[in-house]
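Here is a short briefing for a reader meeting this structure for the first time. Keep the sequence and the 3D view open while you read.

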Amino acid sequence: MKESILDVLLYLFEHYIADDADTLRDRDPLQAGLIEAGFTPAEIAKAFDWLDGLAQQRPGASEPRCNGPVRVFHGPELDKLDVECRGFLAFLEQQGVLDAAQRELVVDRAMALDQDELDLDDLKWVVLMVLFTQPGAEAAYAWMETQMFGEDPEPVH
């Protein structure tokens with residue numbers, strides 16, 4: 001039995017979404033496949049809610065800010081996102097991989113997960129899923145994908 005929303009999301013992304021995002025529209029076969037894979041209906045429903053929340057929040061394109069104001073994290077964000085995670089988000093924004101609106105969406109989706117803390121690998125998956133759903137973020141998604149799965153990650157330009 002799997003344990004968290006992120007486990008369900010990762011399974012969905014690896015087995016269904018990455019190849020064809022339209023597979024999310026017909027959830028009955030997805031749910032059957034997830035149950036067969038060992039996920040509980042409650043965790044599956046939470047994962048679908050998480051994806052619905054992501055789909056409802058599509059920030060407009062904005063310019064990356066290399067020298068803009070610094071995002072200050074507070075309260076539960078500090079509890080869930082450790083220094084490494086917060087630094088990674090700042091790095092992605094400074095390098096133009098994420099703009100401020102996308103960073104906020106990543107933080108929102110990270111906070112919506114049912115885990116008390118996220119490690120850097122978990123956060124990278126959230127970033128990848130957010131970028132995957134953002135129109136115009138194909139290059140950023142490809143760069144992030146290379147960072148996660150490539151043998152020789154590409155440098156940020």
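The model is predicted. In it, Glu104 meets Arg71 in a salt bridge between side chains, 2.6 Å from N to O. This pair links distant parts of the chain: Glu104 sits in helix α6, Arg71 in the loop between α3 and α4 (75–80), and 33 residues separate them.

**Salt bridges**

- How many salt bridges does the structure hold? The count is seven.
- Side chains of opposite charge can pair when their charged atoms come close.
- Arg71 also meets Glu77 through its side chain, with 2.9 Å from N to O.
- Arg71 counts as buried, because its relative accessibility of 19% is under the 20% cut-off.
- Glu77 is buried too, with a relative accessible area of 11%.
- Glu104 has a salt bridge with Arg103 as well, at 2.8 Å from N to O.
- Arg103 is buried, at 7% relative accessibility.
- Which residues are linked in a network of salt bridges? They are Arg71, Glu77, Glu93, Arg103 and Glu104.

**Overall build**

- The protein's secondary structure consists of eight helices and zero strands.
- Along the sequence, the pattern reads α-α-α-α-α-α-α-α.
- The protein has 157 residues, and 41% of them are buried.
- Take the contacts with a separation of 6 or more: 69% of them are between residues 24 or more positions apart.

**The largest nonpolar core**

- This core has 46 residues.
- Which of its residues touch the most other members? They are Trp50, Leu81, Leu89, Leu123, Val127 and Leu131.
- The elements giving two or more residues to the core are α1 (5–17), α2 (27–36), α3 (41–56), α5 (83–94), α6 (100–111), α7 (120–133) and α8 (138–149).
- Helix α7 gives the largest share, nine residues.
- Why does the core lie between domain 1 and domain 2? Both domain 1 (1–57) and domain 2 (62–149) give residues to it, so the core lies between them.
- Val127 shows some of the packing in detail: beyond its neighbours within four places in sequence, Val127 is in contact with Leu89, Leu92, Leu98, Val106 and Met144.

- Which residues of α2 are buried? They are Leu30, Gly33 and Leu34.
- Seen down the axis of α2, these buried residues fall within an arc of 100°, so they line one face of the helix.
- An α-helix has 3.6 residues a turn, so residues three or four places apart point the same way.
- The elements that cover the buried residues of α2 include α1 and α3.
- On the other side of α2, Asp28 and Glu36 are exposed.
- Gly38 follows α2 and has a positive phi, near 110°.

**Aromatic pairs**

- How many aromatic pairs are there? The count comes to seven.
- One of the pairs is Phe13 with Trp125, which is edge-to-face. Their centres are 5.9 Å apart, and the angle between the planes is 80°.
- Phe13 lies in helix α1 and Trp125 in helix α7, so this pair ties together parts that are 112 residues apart in sequence.
- Is Phe13 buried or exposed? Phe13 is buried, with a relative accessible area of 4%.
- Trp125 is buried as well, at 11% relative accessibility.
- Phe13 and Trp125 belong to one aromatic cluster, together with Phe132, Tyr141 and Phe149.

Terms used:
Residues are numbered from 1 along each chain as its sequence is written. This is a predicted model: local features need pLDDT of at least 70, side-chain atom pairs count only at pLDDT 80 or more; totals for chains, interfaces and linings use all residues. Side-chain values use heavy atoms; hydrogens and water are left out. A nonpolar core is a set of buried Ala, Val, Leu, Ile, Met, Phe, Trp, Tyr and Cys residues joined through side-chain atoms within 4.5 Å. Buried means under 20% relative accessible area, exposed over 50%, partly exposed in between (1.4 Å probe, protein chains only). Helices (H or I, at least four residues) and strands (E, at least two) are DSSP runs, numbered from the N terminus. Domain bounds come from an automatic or database domain assignment. Contact means heavy atoms within 4.5 Å. A salt bridge is a side-chain nitrogen of Lys or Arg within 4 Å of a carboxyl oxygen of Asp or Glu. The arc is that of the directions from the helix axis to the C-beta atoms. Rings of Phe, Tyr and Trp (its six-membered ring) pair if their centres lie within 6.5 Å; planes under 30 degrees apart count as stacked, over 60 as edge-to-face and the rest as tilted.
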